[in-house]
Amino acid sequence: MRYTITAALPYANGPVHIGHLAGVYIPADIYSRYLRLKGHDVKYICGSDEHGVPITIKAQKEGTTPQAIVDRYHNIIKNAFQEFGIAFDIYHRTSSEIHKKTSSEFFKTLYDKGLLMEKVSQQFYDSKANQFLADRYITGTCPKCQADGAYGDQCEQCGSSLNATELINPKSAITGNQPELKETKHWYLPLNEYEDFLKQWILEDHKEWKSNVYGQCKSWLDAGLQPRAVSRDLDWGVPLPIENAEGKVLYVWFDAPIGYISATKELTPDWEQYWKNEDTKLVHFIGKDNIVFHCIIFPAMLKAEGSYILPENVPANEFLNLEGDKISTSRNWAVWLHEYIEDFEGQQDVLRYVLTANAPETKDNDFTWKEFQDKNNNELLAILGNFVNRALVLTHKYYKGVVPEFDPNSLSDLDQEIIKEIPLLKRQIEKDIESYHFRAGLKNAMQIARLGNKYLAETEPWKLFKTEPEKVKNIMYIALQISASLSQALEPFLPHTTAKLRQMLNLETLDWELIGQNDILKSGHQINKAELLFSKIEDEQVQAQLDKLNQKKKENALLNAPVEEVKPNINFDDFTKIDIRVATIIAAEKVAKTKKLLKIQIDTGAEERTIVSGIAEYFKPEDLVGQQVCVVLNLEERKLKGISSQGMILTAEQPDGSLSLISPKSMVVNGSNVR
Ligand SMILES: [Zn+2]
C-alpha cells in the first residue's frame with residue numbers, strides 16, 4: 001500500500017512547543033513509523049509555512065526582513081523535530097522556488113478553467129504607510145464580543161473569524177492611524193459551489209472520521225459556505241501569476257496546503273504517484289484549529305483542480321493545556337522543545353511517551369510536570385527499563401551474554417501463557433494504530449513489558465538458577481524474545497529507546513512481523529553490554545520547571561496590568577514648587593515593631609537628614625547604604641512611629657506593588673537638582 005502522510009505546516013514566526021508535538025507531529029510520526037515497519041510505501045511530508053502577515057509584522061517590529069525571520073525559525077523548528085525523532089521524509093519550506101512554481105501553477109489552472117470569481121471590494125488602506133491593511137495589519141474592537149485588539153481576520157478572544165470592515169474603531173497596526181477604505185480587486189474561490197460535493201463526500205462517505213472532526217465539518221456545512229478570497233494586497237508571498245495583479249500575492253491559507261505537494265515534488269520525481277494515484281491513501285494530521293482548511297477548503301481546491309486525490313482521513317486532535325492553562329505563545333506559557341532538550345538531555349523519548357499516553361485525542365488534555373515525572377519513574381523506568389535490564393543482566397551473568405538453549409518440550413504453564421499472549425497484543429496494537437488510537441496503542445505495547453516484568457517476578461530465575469538451571473534457560477530465552485518484541489513494538493512510539501535496545505540485543509532487523517515470534521534471537525546469539533534505558537527524574541528537576549513557569553506567570557501579570565490614568569494637568573509654576581534633589585544614603589535601619597518602615601539617614605550635600613520610608617519589604621538596610629537616590633526635600637515634616645521624617649525618597653512602583661529606587665544613571669554631586 002502507498003501512503004502520503006502530511007503533518008500541518010508549523011508557522012515560521014516562533015519555535016515549536018509540546019502542544020504542537022502532542023497534537024500533530026508525534027501521532028503522525030507513530031503512524032508513519034508503524035506503516036514503514038509493516039513494509040508499506042510511506043512518504044511523511046512536512047515543512048515550514050513561511051508566508052502571511054504575522055511574519056511581515058514581526059519583521060517590521062524587529063527591523064529586519066521577512067526572509068530573515070523565516071530563516072531563523074525554519075532552522076529552530078527543523079532541529080527540534082529532528083531531536084525528537086520526528087522522521088519526516090522531507091521537511092520543506094514554502095519560501096522555496098519549487099513551492100512558488102507549484103502554487104502559482106495551481107492558481108493558474110483554477111483561473112484558466114474560470115473557477116475563480118473576480119470581485120472589487122472596499123478594503124482598509126493606510127495612506128501614511130502607503131499600503132492596504134490585510135488581516136493582522138488592522139486591529140480594532142471585536143463586533144461580536146467587544147474585546148479590544150481583535151485582528152482584521154480573527155478575534156483571538158472569542159475565536160470568531162472576522163472581516164476587517166466589521167471591526168469597531170479600526171486602526172492600522174503599522175502607524176496607528178485610522179485607515180481609509182479604498183477599492184481593490186481580488187479573486188475568490190466560490191466555496192458555496194462545492195457544498196453539495198462536500199456534503200456527500202464528508203457527511204455521507206466519511207462517517208468514520210473522528211467525531212470532533214466530523215462534527216465541526218457538519219456545523220460549517222450546515223451554516224452554508226461563502227466565497228473565500230484567495231489573494232491579498234501584500235509584498236510577501238507568492239505573486240499572482242496573471243496580468244494586472246501587481247502587489248497581489250496568494251492568500252497564505254491558499255498556498256500553505258499546496259506546500260505538501262511542492263515538498264513531495266522536491267522529495268521525489270515520482271511525486272504524482274503520491275498525489276494523483278487513486279491507490280494512494282492521503283492522510284492529513286492536524287490540530288483542531290485547522291479542520292476547516294483541511295476538510296473543506298483544501299479538498300474543494302483539489303476537487304476544482306481536478307487531477308488530485310482527496311484525503312482518506314483527517315485525524316485532528318484537540319488541544320493540550322499546560323498546568324491547567326491554555327498554551328500560549330504570546331504569553332510565553334509553553335514548554336518549548338529547544339528548551340526541553342537543554343533541561344532533559346537525551347530524554348526525548350520520555351516526552352514522546354508522556355505526550356502520547358496523555359494525548360488530546362478526543363478532548364483537550366492537560367500536561368503537568370508531576371505526571372511527567374510519575375510516568376517516567378513509575379512506568380518507563382520501573383516497568384520497561386527494569387524488565388529489559390533484568391533480562392539482559394541475568395543473561396550476561398549466567399551465560400556470558402549468549403542466548404541459551406530453548407527446550408519447547410518442557411514449558412511451564414507460565415511459559416506457555418506468555419508465548420501466546422504477545423501475538424494477541426500485537427494484533428490489538430495494529431487495530432489501535434490503524435484507527436488512530438495512539439494512546440491505546442502505546443498502552444498495549446507497554447503491556448508487553450508489563451507481562452515480561454510479571455513473568456520474571458513470578459518465575460524468579462535468580463532463585464531457580466541454583467536448583468533448576470535447565471528451567472532457567474527457557475525462562476531467560478523467553479525473556480530475551482520478549483525484549484526483542486519490545487524493540488519492534490515500541491519503535492513507532494519510542495524510537496531512540498528501541499534503537500538503543502536493538503543495539504544492546506545486537507539485533508539489526510526492524511520488522512513489525514517479528515513481534516510475538518519466539519525465535520527472534522536464536523540460541524547461541526551473542527548480545528551486547530546492558531545499559532540503562534531510563535534514568536530517574538528527581539523532584540528538584542520538576543520543581544525547577546514549575547519555578548520557571550511561575551516566573552513566566554508573574555512576568556505576564558506585570559505586562560498585562562492596566563496602566564493608571566494620567567492625573568489632571570498642573571501648571572509649570574506648581575511643578576517648580578517641588579524641590580527634588582539627589583542625595584546619598586549614609587545609614588539605614590529597620591524601625592522597631594514595623595514591617596514596612598526604614599529609618600534612613602541621607603546626605604543632601606548641605607546637611608544630613610532623617611527620612612522614614614515605607615520600603616522595608618523590598619530593600620535590606622545594608623544594601624541601601626552608599627546608594628544615590630532622588631528625594632523630595634520640601635515636603636512638610638511628618639512624624640512616623642515617633643520619628644520625624646524630613647522628605648520623601650522617590651521610587652517606581654510596579655502593578656504588583658514592588659518598588660525600585662530612582663537613582664541618577666551616573667554619580668552626581670549630592671544636592672543636584674532633579675527636574
Ligand atoms: Zn471577539
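**Close-up views of selected contacts**

**View A. Arg581 is partly exposed, with a relative accessible area of 24%.** In this predicted model, the side chain of Arg581 meets that of Asp579 in a salt bridge, with a distance of 2.7 Å from N to O. Asp579 is likewise partly exposed, its relative accessible area being 22%. Elsewhere in the model, salt bridges that share partners join Asp29, Arg33, Arg352 and Glu491 into one network, and two residues of that network, Asp29 and Arg352, are taken up in the next view.

**View B. Asp29 and Arg352 form a salt bridge between two helices.** The N to O distance between the two side chains is 2.7 Å. Asp29 belongs to helix α1 (residues 18-37) and Arg352 to helix α11 (residues 348-357), so that the pair ties together parts lying 323 residues apart in sequence. Asp29 counts as buried because its relative accessibility is 0%, under the limit of 20%. Arg352 is also at 0% relative accessibility and therefore counts as buried. For the model as a whole, the count comes to 39 salt bridges.

View C. Side chains of opposite charge can pair when their charged atoms come close. Lys101 counts as exposed because its relative accessibility of 52% is over 50%, whereas Glu105, at 38%, counts as partly exposed.

**View D. Ile570, Phe572, Phe575 and Ile578 make a nonpolar surface patch.** The area of this patch is about 420 Å². Ile578, one of the residues that make the patch, is placed in the loop between helix α19 (572-576) and strand β17 (580-590).

**View E. Strands β7, β6 and β8 form an open sheet of three strands.** The strand order is β7-β6-β8, and the pairing is antiparallel. The edge strands, β7 (150-151) and β8 (168-172), each pair on one side only. Strand β6 (residues 138-141) runs antiparallel to β7 and is joined to β7 by two bridges. The bridge partner of Thr139 in β7 is Tyr151.

Terms used: Residues are numbered from 1 along each chain as its sequence is written. This is a predicted model: local features need pLDDT of at least 70, side-chain atom pairs count only at pLDDT 80 or more; totals for chains, interfaces and linings use all residues. Side-chain values use heavy atoms; hydrogens and water are left out. Two strands pair if DSSP finds at least two bridges between them. Helices (H or I, at least four residues) and strands (E, at least two) are DSSP runs, numbered from the N terminus. Patches are made of residues with over 30% relative accessible area and no salt bridge: like charges are joined within 9 Å, nonpolar side chains (Val, Leu, Ile, Met, Phe, Trp, Tyr) within 5 Å. Accessible areas come from the Shrake-Rupley method with a 1.4 Å probe; for residues, only the protein chains shown count as cover. A salt bridge is a side-chain nitrogen of Lys or Arg within 4 Å of a carboxyl oxygen of Asp or Glu. Buried means under 20% relative accessible area, exposed over 50%, partly exposed in between (1.4 Å probe, protein chains only).
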